[in-house]
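Work through the exercises below with the model open beside you, and try each task before you read its solution.

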Amino acid sequence: SDKDTQSHTTSTDNDSKAEAAPPEKTWEDLGLSEKALTLVRAAGYKNPSPVQQAAIPIALKGRDLIASAQTGSGKTAAFVLPMLEKIAGREGTLGLVLAPTRELAQQIQTTLELFGTPQGVRSCVLIGGIDMRFDKQALDTYPQVIIATPGRLGDHLDRGNIWLTYLEFVVLDEADRMLDMGFADQLNRIMEDTPATKQTMLFSATIPPIVERLAAKILKNPERVNIGRPLGAATTVEQRMIRVDEADKMRELRRALEKVAGPTIVFTRSKDKATRVFRQLHSSGFYDIAQIHSDLQQQHREQALADFKSGKVRILIATDVAGRGIHVDGIEHVVNYDLPMEAEDYIHRIGRTGRAQAKGIATSFITGGDTMVLKRIRQLVGKPIPGLDEPTDGA
């Protein structure tokens with residue numbers, strides 16, 4: 001969420017000519033009600049981020065929107081606040097937010113409750129790993145907003161537990177990730193069940209052709225918001241790469257964890273590797289540690305994330321699918337124990353740190369098998385990376 005708004009646009013054209021950065025806006029400039037502004041101030045939100053400055057006025061006008069912005073740029077509040085302006089004080093299920101992972105869905109509900117509960121807005125989360133009966137009980141309260149993963153919502157539609165007939169506001173958050181995870185059919189089916197008159201907002205870190213095709217199908221003459229590079233690491237993240245043999249990764253990981261004492265996420269490429277790294281670190285004396293991946297029971301995943309947020313554990317071992325939903329301010333260090341298979345996931349991983357103008361460090365271990373993904377990472381990052389593009393002694 002840096003303040004580089006040179007490429008900030010709110011038009012539907014593809015004009016790439018340089019534009020002067022617009023003046024910084026305050027929360028009072030965005031068109032929010034006084035009640036919303038009071039809640040924003042009480043939450044400690046100082047200045048709106050670039051994506052909030054651009055998206056909120058568009059959303060309040062009722063326009064469809066396609067927005068791309070870096071991870072950690074404040075996208076959740078950019079759609080939660082305008083949605084609440086439209087549905088607070090009304091009954092019926094009027095808002096739907098779709099997210100790729102359980103963790104992200106829960107993070108979205110946290111923000112929605114922060115601003116919605118004082119306004120009497122009820123919400124529920126529909127995610128896998130929860131007994132369907134509890135979902136049904138939550139739906140029977142007729143929440144004004146539903147937050148769901150596409151697969152789980154599709155299950156409820158199949159069972160006739162839910163109708164989307166009266167929706168007025170639909171958000172697709174991290175649309176690129178939902179499509180990467182194979183949710184295209186579910187998304188198309190869900191959108192077909194929603195009214196044509198609804199307002200739709202699509203947020204995505206990247207806008208590849210598959211996202212453009214989805215947007216063309218579900219959005220009506222949308223306005224666009226592009227903040228910063230189409231996909232790039234926040235300028236607040238210091239990136240380091242260390243060339244290392246596979247057998248030496250654990251030694252380098254221990255060194256990296258000792259150098260940076262703050263909250264740290266360690267990413268691995270597989271669930272098995274996450275468990276092995278967790279056990280090896282624990283046996284080495286790192287006891288303030290937890291792991292999160294899809295083989296763990298939901299309650300264990302939630303507990304691990306809660307302990308990490310509260311500071312009870314300092315180090316969280318995660319895989320990409322689980323890690324994508326971790327939106328926690330104050331993470332100082334991200335370690336790529338394994339580089340991801342896709343370069344875009346590298347950007348999403350290191351975006352866990354350097355959020356909200358804070359400084360962060362991203363350390364990556366690279367081996368001889370990482371040549372292809374490194375080439376693409378170089379292209380996305382767009383600047384030299386210490387240890388990769390400069391001489392290094394491996395330290």
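**Exercise 1. Decide whether strand β6 is enclosed or open, and explain why.**

Solution. In β6, 6 of the 6 residues are buried, so the strand is largely enclosed by the rest of the structure; buried here means under 20% relative accessible area, exposed means over 50%, and partly exposed lies in between, with a 1.4 Å probe and protein chains only. Next, consider the two faces, remembering that in a regular strand the side chains alternate between the two faces of the sheet. Gln 199, Met 201 and Phe 203 are buried on one side, and Thr 200, Leu 202 and Ser 204 are buried on the other.

Before going on, note that this is a predicted model, in which local features need pLDDT of at least 70 and side-chain atom pairs count only at pLDDT 80 or more, while totals for chains, interfaces and linings use all residues. Residues are numbered from 1 along each chain as its sequence is written, and side-chain values use heavy atoms, with hydrogens and water left out.

**Exercise 2. Describe the aromatic pair of Tyr 45 and Phe 115, and say why it counts as edge-to-face.**

Solution. Rings of Phe, Tyr and Trp (its six-membered ring) pair if their centres lie within 6.5 Å, and planes under 30 degrees apart count as stacked, over 60 as edge-to-face and the rest as tilted. By this rule the count comes to 4 aromatic pairs. For Tyr 45 and Phe 115, the ring centres are 5.4 Å apart and the planes stand at 80 degrees, so the pair is edge-to-face. Tyr 45 belongs to the loop between α1 (34–42) and α2 (50–60), and Phe 115 to helix α4 (residues 102–116), so the pair ties together parts that are 70 residues apart in sequence. Tyr 45 is partly exposed at 28% relative accessibility, whereas Phe 115 is buried at 0%. Finally, ring pairs link Trp 27, Tyr 45 and Phe 115 into a cluster.

**Exercise 3. Give the strand order of the open sheet of 6 strands, and identify its edges.**

Solution. The order is β8-β13-β12-β9-β11-β10, with parallel pairing. β8 (237–243) and β10 (289–292) each have a single partner strand and stand at the edges, so one side of each is left without a neighbour in the sheet. From one strand to the next, the twist averages 20 degrees. Inside the sheet, strand β9 (residues 264–267) runs parallel to β12, joined by 4 bridges, and the bridge partner of Thr 264 in β12 is His 333.

**Exercise 4. Describe how helices α10 and α11 cross, and list the residues that make the contact.**

Solution. The axes of α10 (residues 249–259) and α11 (residues 271–283) come within 11 Å and cross at roughly 65 degrees. The contact (heavy atoms within 4.5 Å) is made by Met 250, Leu 253, Arg 254 and Leu 257 of α10 and by Val 277, Gln 280 and Leu 281 of α11.

Terms used
Helices (H or I, at least four residues) and strands (E, at least two) are DSSP runs, numbered from the N terminus. Two strands pair if DSSP finds at least two bridges between them. Axes are lines fitted to C-alpha atoms, for helices over the stretch in contact, and angles run from 0 to 180 degrees between N-to-C directions.
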